[in-house]
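Biologist: I have a model open and want to learn how to read it. Could you take me through its features one by one?

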Amino acid sequence: MLLFRQMELEDLETVQSIDKLAFPNPWPENAFQYELEKNTNARLWVGEFQDGEKSTIVALAVIWIILDEAHIGTIAIHPGYQNRGFGRQFLAFICKKLISEKITQIFLEVRQSNSAAINLYQKFGFTIDGERKHYYRDNNETAILMSAPIRNSDFYDQFLLDCQFTYDNDSKEIQER
Ligand SMILES: CC(C)(COP(=O)(O)OP(=O)(O)OC[C@H]1O[C@@H](n2cnc3c(N)ncnc32)[C@H](O)[C@@H]1OP(=O)(O)O)[C@@H](O)C(=O)NCCC(=O)NCCS
């Protein structure tokens, strides 16, 4: 079972290690801590894989909110847990949280070569708005700019309903049904 919750300070070491495993250019040391402690416009979530008594953080995301718009700063699933539907579940959770904050549109940029992420985003109704050449400094790669309207959209209402999540009202967490 996957359980999603807000990131906490105690999670930072694990979060940084997943970031390093998942990306060729991980965030600088202390970047997650800054977002967690100082940036009131940031929303940080993790996904925990629960297997019996054992609980392992396998997903991380940082989202920035500006008025009624959100920008995906980063999102990743631990490489050992990819291709099991966790990315889809996590993004659905994030979209629901953002809708509950009255966000109308989500923006992001993604490496042109990252077909896994681009496919995932397209499944969530993201479309390509443009590109930024030489955006990634490590290999000069082009960034693809994508966005999705997440409110007042029949597609989204139905899509997120189909994701079949339940809220745990006591803990304010969300878990897969
Ligand atoms: C992108 C990422 C979050 C997807 O997470 P995931 O848990 O592996 O994805 P899921 O198993 O939920 O797959 C959901 C959809 O994503 C797409 N997808 C996932 N892995 C894919 C792959 N290797 N190749 C092509 N499409 C893929 C598919 O459309 C898939 O739907 P399908 O199973 O119906 O075909 C994950 O690969 C990851 O963390 N990558 C490294 C970090 C990263 O690139 N983050 C995005 C930065 S913009």
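Modeller: We will go from the overall fold to the core, then to one residue and the ligand. Keep in mind that this is a predicted model.

Biologist: How many helices and strands does the protein have?

Modeller: Five helices and nine strands. Read from the N terminus, their order is β-α-α-β-β-β-α-β-α-β-β-α-β-β.

Biologist: How compact is the protein for its length?

Modeller: The radius of gyration is 16 Å, close to the 16 Å that the globule rule gives for 177 residues, so the protein is as compact as a globular protein of that length. Along the principal axes, its C-alpha atoms fill a box of roughly 45 × 40 × 35 Å.

Biologist: What share of the contacts joins residues 24 or more positions apart?

Modeller: Take the contacts with a separation of 6 or more; residues 24 or more positions apart account for 60% of them. As for burial, 24% of the 177 residues count as buried.

Biologist: How should I read the core?

Modeller: Start with the general idea. In soluble globular proteins, nonpolar side chains tend to be buried together. Here the largest nonpolar core has 36 residues. L60, A61, F90, I94 and L98 have the most contacts inside it. Helix α3, residues 86-100, gives the largest share of this core, seven residues.

Biologist: Which residues does F90 touch?

Modeller: Leaving out residues up to four places away in sequence, F90 touches F4, G47, A59, A61, I75 and I77.

Biologist: Why does V58 count as buried?

Modeller: Burial is a matter of counting neighbours. The cut-off is 20 or more other C-beta atoms within 10 Å. V58 has 22 C-beta neighbours inside 10 Å, so it counts as buried. V58 lies in strand β3, residues 54-66. Its contacts, not counting residues up to four places away in sequence, are G47, F49, I77, H78, Y81 and F86. For a sense of scale, take V58 and K133, which are 75 residues apart along the chain. Their C-alpha atoms are separated by 31 Å.

Biologist: Now the ligand. How many residues surround it, and which are the closest?

Modeller: The ligand is surrounded by 20 residues, and the closest are Q82, G87, A116, N119 and L120. Strand β4 (69-77), α3 and α4 (115-123) each give two or more residues to this shell. α4 gives the most, with six residues.

Conventions: Residues numbered from 1 in each chain as written. Predicted model: local features only at pLDDT ≥ 70, side-chain atom pairs only at ≥ 80, totals over all residues. Core = buried A, V, L, I, M, F, W, Y, C linked by C-beta atoms within 7 Å. Buried ≥ 20, exposed ≤ 12 C-beta atoms within 10 Å, placed from the backbone. Helix = DSSP H or I, 4+ residues; strand = E, 2+ residues; numbered from the N terminus. Contact = placed C-beta atoms within 7 Å. Rg over C-alpha atoms; globule rule 2.2 N^0.38 Å. Near = placed C-beta within 6 Å.
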